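Welcome! Open your viewer, get your selection tool ready, and follow along one stop at a time.

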Amino acid sequence: MVLSELGQKITASFRKLNTAPIIDDDLLDEVLKEIAAALLQADVNVRYVSELRNNVKKRVLLETDVGGVNKRKLIQKAVVEELVRLVSTDKKPYKFEKGKCNIVMMVGLQGSGKTTTCTKYAHHYNRKGWKTALVCADTFRAGAFDQLRQNAAKVRIPFYGDYNEADPVKIAEEGVELFKKEKYDLIIVDTSGRHKQEQALFDEMKQVAEVVQPHDIVFIMDSHIGQACFEQAKAFRECVNVGSVIVTKLDGHAKGGGALSAVAATNSPIIFLGTGEHFDDFQTFDAQSFVSRLLGMGDLKGLFQTITEAMPLDKQPELLSKISKGKFSLRDLYEQFQNLQKMGPMSQIMQMIPGMSQMMPQGAEKEGVKRIKRFMVMMDSLTDDELDCVVQMVDSRRNRVAKGSGSSHAEVTQLLDEYKRMEKMVGKMGKSGLFGKGGDLTQLTRNPGQVMQKMQSAMDPRMLQQMGGAQNMMKMMKEFGKMENMGGMMDGLGGMGGMDPAQLQNMQKMMGKKGGRR
């Protein structure tokens, strides 16, 4: 992704700032020039780049007059805040209401990935417990009906469309009325792709909007067309009330910066980013979190949300209680593998952890996912007693599991070796007293030095180094502890936010460090 290159270039400029003995006007100009060049290469509009550069300069000049200001931190903070301002608007996205029928209409250019995005959007909310449905009002493009119907079937979401009807307004009206009667929480209407030169299609879009009365009109913006997005987005905004934006195709070689900065034309917030063809390649967009991940600073808030969605709150205290006693079975390991799969692509998770965004080697994620799936197939062949580690895994049992899962004796041994490593680490964590009674981390605030020593003795040194050292781990725990709405998690998990040591160990395994067959 070209945007990751942008992040690396800006981070390199910050590094130059940190290593310089004196911060003078010449160095500031040099750093801002490098950042401006990186933004222009990412296809950000030159007017916005110029504004960013001038705003940072003004702020630094104004605030350095005040005594006791750290100039390095001030410049970095100013740049980050200007980048956040670049990709955000004051307008808030529409907030859906449970128990009410929420209607969303998708509009955009032809080939922007609108039909696939409709399915991703429906799938995203369906996983969160919303009753979602799809309506195909695209009668212009051949194959749109079949594509949306097949996509809806894959993610098991109800679909409405009429192969023989040519009037998209009638289809949209009938589909929305049908799902309204069936009390669906969220109805997504897919419309024909169009551009500003096609006045007839723009009139049709207005008619569909008047009939279905959507609560939110979402503009699908293709990142590949860069700054050309600006004029198109402006035309859509003038025609219908665009409420929010989804930027697609950010996984390819698109520079992306042009599309992200073109959001200013719609004066509407970005709500999601499309980062691939799979239905799970769909990231919730938060300007602060996006910029933070882009610059390799992590996103602990996003990590916390991802973990809590993947791992039910009612199961977290039970697991942490087991770990506090030094107990960890193959069944627990299986559950952790399941939770990891729910968390989404591991590269995204790595970006959320400070200092780990660049640590995943290219291609390692796919190998790691394959490896975990192989392990889970083997574990499906285990009996209840074997999963609960009541019986010893002798050779005859290993051979049976290998035959039942279509794997080799050596692969089953590899799975058990990985389990033993994790069990050993969990045992150390329990014996060290790092987790208090019930699995909390109250000692973290009382005696952080002692907690750090215990952590270093309990965890694999290589893994601790991968996580940025004990101090980085401490910082993460403290940040989790500060977060709002922790509720019952704080009682059962202390400041750890559900990311138990076994889960962190799994992350390392998935990074491909030991991937592949042995």
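**Stop 1: the sheet**

Start by selecting the strands: eight of them form an open sheet with mixed pairing, in the order β3-β2-β4-β1-β5-β6-β7-β8. Helices (H or I, at least four residues) and strands (E, at least two) are DSSP runs, numbered from the N terminus, and two strands pair if DSSP finds at least two bridges between them. Everything here is a predicted model, in which local features need pLDDT of at least 70 and side-chain atom pairs count only at pLDDT 80 or more, while totals for chains, interfaces and linings use all residues. Residues are numbered from 1 along each chain as its sequence is written, and side-chain values use heavy atoms, with hydrogens and water left out.

Now color β3 (159-160) and β8 (282-284), which stand at the edges. Each has a single partner strand, so one side of each is left without a neighbour in the sheet.

Next, pick β6 (residues 244-248) and β7 (residues 270-274), which pair in the parallel sense over three bridges. Which residue in β7 stands opposite Ile 246? It is Phe 272.

**Stop 2: helices on the sheet**

Select helix α6 (residues 144-154), which packs on the sheet and touches β2 (132-137), β3 and β4 (186-191). Contact means heavy atoms within 4.5 Å. The direction of α6 makes about 170° with that of β2; axes are lines fitted to C-alpha atoms, for helices over the stretch in contact, and angles run from 0 to 180 degrees between N-to-C directions.

Then show helix α8 (residues 199-212), which packs on the sheet against β1 (102-108), β4 and β5 (216-222). Its direction makes about 175° with that of β1.

**Stop 3: the cores**

In soluble globular proteins, nonpolar side chains tend to be buried together. The largest nonpolar core here has 78 residues, and Met 221 and Val 247 have the most contacts inside it. Such a core is a set of buried Ala, Val, Leu, Ile, Met, Phe, Trp, Tyr and Cys residues joined through side-chain atoms within 4.5 Å. Buried means under 20% relative accessible area, exposed over 50%, and partly exposed in between (1.4 Å probe, protein chains only).

Zoom in on Met 221: leaving aside neighbours within four places in sequence, its contacts include Cys 229, Ala 233, Val 247 and Ala 259. A second, separate core of 26 residues includes Met 376, Leu 387, Ala 402 and Val 426.

**Stop 4: salt bridges**

The whole structure has 22 salt bridges, each a side-chain nitrogen of Lys or Arg within 4 Å of a carboxyl oxygen of Asp or Glu.

- Select Glu 34 and Lys 16, whose side chains meet at 2.4 Å, N to O. Glu 34 lies in helix α2 (residues 25-41) and Lys 16 in helix α1 (residues 2-19), so the pair ties together parts 18 residues apart in sequence.
- Select Lys 57 and Asp 29, which meet at 2.9 Å, N to O. Lys 57 lies in helix α3 (residues 46-63) and Asp 29 in helix α2, so this pair ties together parts 28 residues apart in sequence.
- Select Arg 47, Glu 51, Glu 82 and Arg 85, which are linked in a network of salt bridges.

**Stop 5: confidence**

Finally, color by pLDDT, the predictor's confidence in each residue, from 0 to 100. The protein averages 78, and 72% of the residues score at least 70. Over residues 483-518 the pLDDT is below 50. Where pLDDT is low, the predicted coordinates should not be read in detail.
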